Amino acid sequence: MAFASSLSPSYSVPSLSPKPRNSITTLNKIYPFSFLHRAPIFRVSCSSQLQGRDSSNFNLFASVNSADVLLDDAVEQVRVPKGDTWSIHKFGGTCVGTSERIQNVANIVVRDESQRKLVVVSAMSKVTDMMYDLIHKAQARDDSYVTAMDAVLEKHQLTASDLLKGDDLNKFLARLHEDVNNLKAMLRAIYIAGHATESFSDFVAGHGELWSAELLSAVIRKSGLKCACMDTRDVLVVNPTSSDQVDPDYVESGRRLDKWYSKNSSDIIVATGFIASTPENIPTTLKRDGSDFSAAIMGALFKARQVTIWTDVDGVYSADPRKVSEAVVLNKLSYQEAWEMSYFGANVLHPRTIIPVMKYDIPIVIRNIFNLSALGTTICRPADLGSEDGLESAVKGFATIDNLALVNVEGTGMAGVPGTSSAIFGAVKDVGANVIMISQASSEHSVCFAVPEKEVRAVAAALESRFREALSAGRLSQIAVIPNCSILAAVGQKMASTPGVSATLFNALAMANINIRAIAQGCSEYNVTVVVKREDCVKALRAVHSRFYLSRTAIAMGIIGPGLIGGTFLDQLKEQAAVLKEKSNIDLRVLGVTGSKTMLLSDMGVELSTWRDQLEENGEKADMQKFVQHVHSNHFIPNTVIVDCTADSSIASHYHEWLRRGIHVVTPNKKANSGPLEQYLKLRTLQRQSYTHYFYEATVGAGLPIISTLQGLLETGDKILQIEGIFSGTLSYIFNNFEGARAFSEVVKEAKEAGYTEPDPRDDLSGTDVARKVIILARESGLKLELSDIPIQSLDVASAEEFMEQLHKYDQDLAKQRQEAEATGEVLRYVGVVDVVNQKGTVELRRYKKEHPFAQLSGSDNIIAFSTRRYEKQPLIVRGPGAGAEVTAGGVFSDVLRLASYLGAPS
Ligand SMILES: NC(=O)C1=CN([C@@H]2O[C@H](COP(=O)(O)OP(=O)(O)OC[C@H]3O[C@@H](n4cnc5c(N)ncnc54)[C@H](OP(=O)(O)O)[C@@H]3O)[C@@H](O)[C@H]2O)C=CC1
Ligand SMILES: N[C@@H](CC=O)C(=O)O
Ligand code: NA
C-alpha cells in the first residue's frame, strides 16, 4: 500500500475502536514542589477543575515526578551519542512557509557550528489547517475535498520545484504523489462513512510535517552534508490523556530512538514535529504546541546542549507589546517564570514543553527567524539567570487575562466550618467552570474567586442552589457576582526574595488611580495576581510595567495654551528633560500641545526643539475631547497631567471631569480657584478624595512659594490671621516705575511687553487679577468667599486693545494721586488683604511710608506677609518677582515635578 510504504512499515491502519487511556493519575495527591530549590513547600493538587485556567498545568507538576524516573531510565538507555554535542532547533510553520524561508532555515542549520543537530520542523504555514479542512469536507460529504487536496499537492509541488532539482526533486515528487493518492483514498473512505476518527484525522493532518521535513532535509543535503529525515511516528510514543493532552512514553521512545538511530545514524537529523504514535503504533499528534513539545522531548532524550525555538518574535516580552508599546524583550527567564508567564496568557512556550528539558537544565532559546540580530530569550535554570539585572527585574513580566467575573461568597456562618470551600468549589466543578484565581481572607468570612465571564451565570446559579438553606438561614449573607473584571499578574523569580515588590506594585496601581478588587499570591511567590476592572486593565498593565521597566515615574503631558507661559514652560522642559530622566528617573513626555485653533498630537512625545514649527505646519484642528483622549489613554504611560496655561474659564471648567478620570492638573490659570465657590469646593473635595493631584502654585505670586507656604502653615496646624500683600506683578512694576515725568500709560505698555500682564491687561489694572489672588488665598485659608464679595473698580471699555489705546486717559488722575502721596513722604501701592479673622477680603490702592517694606520693591516684585498665630509679631514674608514668563513657567514646572515626586519619583 502506497501510504504504508511512505511511512514506517510498522504502522497499522488507524483503528476505529476506542483507544486505551493510559494516563498518569495524579489527582488528590500531595507532592513536594521540589524544583523550587528552597525550603520544602507543599502544594495540594486537588480536583483539576479548581486549580486554574489550564488546570492541566498543575497536574503537570505531579506528572513530572512520576515521569522523572521514566525519563531518567529512558535517557540512560538511549545509546545514541548524547550530551553537549547536540543542539536542537525547532522551526514553526511560518519559518517554513515558502521556498525562500525553507532555504533560509537550511542555511541556519548548516551555519550552526554544533557537532550534531536535530531539527524539528512543522508543516508549512496553513498546511495543517488545509489538511483538517480536507477531513471536515470529506466528513461532510463535500466533493470539494478533492480539489482542496490538489491545492495542498500544488503548494508542495511548487515549493519543491523552487528548491530541488533532478533526482532530489523527482524523489520528493514521487513520494508526494504517492502520499496524496493514498490520502485521497483515505478521504474517500471518510466521505463514504461520513465520519473520521481522531486517529484518521491525526494521520491525514500529520502529512504536512512529513513533507516539510522531507523537503528541508533534501535542501540541507544539497549543501553536501549528510542529513537524515526522521518520521517521529517511528520514535515518539505517547499515551493520550483525558484532558486532550498526551504523556510521552519516554522509555519506549528511547528504545525506538536507539533502533532508529542505528539504521539512520547522522550528525544532522530533520524530524517531524507534532506527530507521534501510540504504543499500538496508531498515528497521533502531540496536540497544541506539539512541535515545541517534540523538540523538548528530543532535547531531553539526546540530553542536548540547547533547544532553540525559532519563531517570528524577538523573544519573550515583559508585557504584551500590543498593549504596552515599550515592552522589552527579556534576555533570560527561569523555567518557572516562563511557566507562570504562559499560564497568564503570555505567548511563551506551553508549560508542558518545558518539563522534559527542565529536568536536565537544558536551556531553551526563543529566537526570531526574521531578525537574526535579536539575541532572543533564554529560558534556563534559576542559577543561570545571573545578577546583572538588578533590583527592578525582581518582576520579570506582566500578563493579563480579560473577560472574567469575580464571585464573592460571604457570610459569618463560613468561619471555622470545615468543608465550606469544598462545597463551594464542588458546586463550581459540577457546572464545569474553570476557577482562575482564589482569594480568602483569614477571617474566613468570604471566599472570592474568578471565573470566565461566560461561566459566571451558571456558577452563581449552582452556588445559590447549593447554599439555598444557608442563605435563607442567614449563615451566608450573599453570593455576589462582580462582572467585567480582568486579572493582572506580575511574574518574577526574585519576587520571593526581594522585599517591597508587592508594595511597589500596589503603589504603582494606586498612583494610576486603579482600584484593586482582589489579590492573590501563591506561596511560590512567582506571581502576584490582582483583579481590576476590565476597563482599567490596560492602564494598570502600563502603570506597573512603566514602574518596573521604564523610568520610575513616567508622565504623559498635555499642554493647553502654548502662549507666553505655556511656550516658555515647553522651552524649559526641553532644556531639562534629559537631566530629569538621567538624574531623577523622571520621564516627562509631551503627547499633545493645543491652542484654541490648532493642536499637535504625538504618540511617543512631541519633539520639544521644533514644537512651534510643527504646530504651525502640521497642527490639526483643535478638538479638546480628542486631545484629552489622546493624551490620557492612547499611549503606554500610565500617569497623565494636563497643564492648563490659558486664562480661559471654559478650560478650567473641565478640571473636575479630568480629575475624576484620574488626570492630574497643573495650572497657572486662576479661573477655577477664583470662579464660582460651589464649583471650587466640588473640585477640591474631589481632589482630596482621590489620588489625583491638582497643583496651582503659579496662580499667586507666579513662581514664588505662596500657595505651598500657606498650605504648609495650615497643614502643620498654624492659624492664619491675615495675609496682606502686593500680589500684582504688573501693578508692582507700574508703581515701582511710575516716577518723575513718566506717563502712566507708557509704564503700563512696558509691563505688558515684559510679559507681566494678563492676556487681557484690564484684569490687572482694574484690580480683578489681585482680587482673584485674594480669593484664592482666602479660600485656601478656609473662607467661603465669592469674587463678587471683593469690591473692585470695573473699567468701562470694550476691548483690551481699545483699553490699551485709551490708557493715556488715566494718566492725569494717577499722576495726581502719586503727587499727593509723594508730598507726605509716601508711595502708592496696590494691595490685597485676606482678613481671616473678620472673614473678608479687600483690594485697594493704599499709601505706604517710604520706609515700609511694601515701599522697598523693584521690578515686578510681589511681597506677601502672612500674619499667623506663630508669626504674629513678625509676619512671615515672601518676596520676589511675581510675574514674567520665566518665573511663572518655572512655577508651573516645579508643580509638575512635585506631581512626579508624589507619583514616586525620588525627592
Ligand atoms: N504672565 C505672567 O506673569 C503670569 C501668568 N499667569 C497665568 O498664565 C496663564 C497664561 O498667560 P499667558 O501665557 O501670559 O497668556 P497668553 O495669552 O500668552 O497665552 C494664552 C494661551 O492660551 C491659549 N488659549 C486661550 N484660550 C484657549 C482655549 N479655549 N483652548 C486652548 N487654548 C487656549 C492661547 O492660544 P491661541 O493663541 O491659539 O488662542 C494661548 O496659547 C494665564 O492664566 C495667566 O493668568 C500666572 C502667573 C503669572
Ligand atoms: N498679570 C499677573 C501675572 C501673575 O499672576 C500679575 O501682573 O501679577
Ligand atoms: Na506662587
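The shell around ligand 1 is made up of eleven nonpolar, eleven polar and four charged residues. In this division Ala, Val, Leu, Ile, Met, Phe, Trp, Tyr, Cys and Pro count as nonpolar, Asp, Glu, Lys and Arg as charged, and the others, Gly among them, as polar. The structure is a predicted model, in which local features need pLDDT of at least 70 and side-chain atom pairs count only at pLDDT 80 or more, while totals for chains, interfaces and linings use all residues. Residues are numbered from 1 along each chain as its sequence is written, chains are lettered from A and ligands numbered from 1 in the order in which they are written, and side-chain values use heavy atoms, with hydrogens and water left out.

In total, 26 residues surround ligand 1, and the closest are S596, T646, D648, E758 and G884; a residue is counted if one of its heavy atoms lies within 4 Å of the molecule. Oxygen atoms of ligand 1 take part in several polar contacts (pairs of N or O atoms within 3.5 Å; within protein, one must be able to donate a hydrogen and the other to accept it, and residues adjacent in sequence count only if both atoms are side-chain atoms). A polar backbone atom of P562 is 3.3 Å from an oxygen atom of the ligand, and an N or O atom in the side chain of K670 is 2.9 Å from an oxygen atom of ligand 1. For G884, a backbone N or O atom lies 2.7 Å from an oxygen atom of ligand 1. Of the 900 Å² of accessible area that ligand 1 has on its own, the protein covers 79% (Shrake-Rupley method with a 1.4 Å probe; for residues, only the protein chains shown count as cover).

## Surroundings of ligand 2

Ligand 2 is surrounded by 13 residues, the closest being G729, T730, Y756, E758 and D764. The shell around ligand 2 divides into three nonpolar, five polar and five charged residues.

A polar backbone atom of G729 is 2.7 Å from an oxygen atom of ligand 2, and a backbone N or O atom of Y756 lies 2.7 Å from a nitrogen atom of the ligand. The side chain of K773 has an N or O atom 2.8 Å from an oxygen atom of ligand 2. The protein covers 94% of the 250 Å² of accessible area that ligand 2 has on its own. Helix 26 (729-737) and helix 29 (768-780) are the elements that give two or more residues to this shell; helices (H or I, at least four residues) and strands (E, at least two) are DSSP runs, numbered from the N terminus.

## The sodium ion

The sodium ion (ligand 3) is coordinated at 2.3 to 2.5 Å by E697 (O), E697 (OE), V700 (O), A702 (O) and L704 (O). Donors are N, O and S atoms within 2.8 Å of the metal (3.2 Å for Na, K and Ca), and water is not among the atoms, so sites may look incomplete. The spacing of the donor residues in sequence is E-x2-V-x1-A-x1-L.

V700 counts as buried because its relative accessibility is 0%, and A702 counts as buried at 3%; buried means under 20% relative accessible area, exposed over 50%, and partly exposed in between (1.4 Å probe, protein chains only).

An open sheet of seven strands has mixed pairing and the order 24-23-22-21-25-26-27. Strand 24 (620-621) and strand 27 (694-695) stand at its edges, each with a single partner strand, so one side of each has no neighbour in the sheet. Strands pair if DSSP finds at least two bridges between them. Strand 23 (residues 598-601) runs antiparallel to strand 24 and is joined to that strand by two bridges, with M599 opposite E620 in strand 24.

D895 belongs to helix 32 (residues 885-902). This residue is buried, with a relative accessible area of 2%, and the side chain of D895 reaches the backbone nitrogen of Y696 at 3.3 Å.
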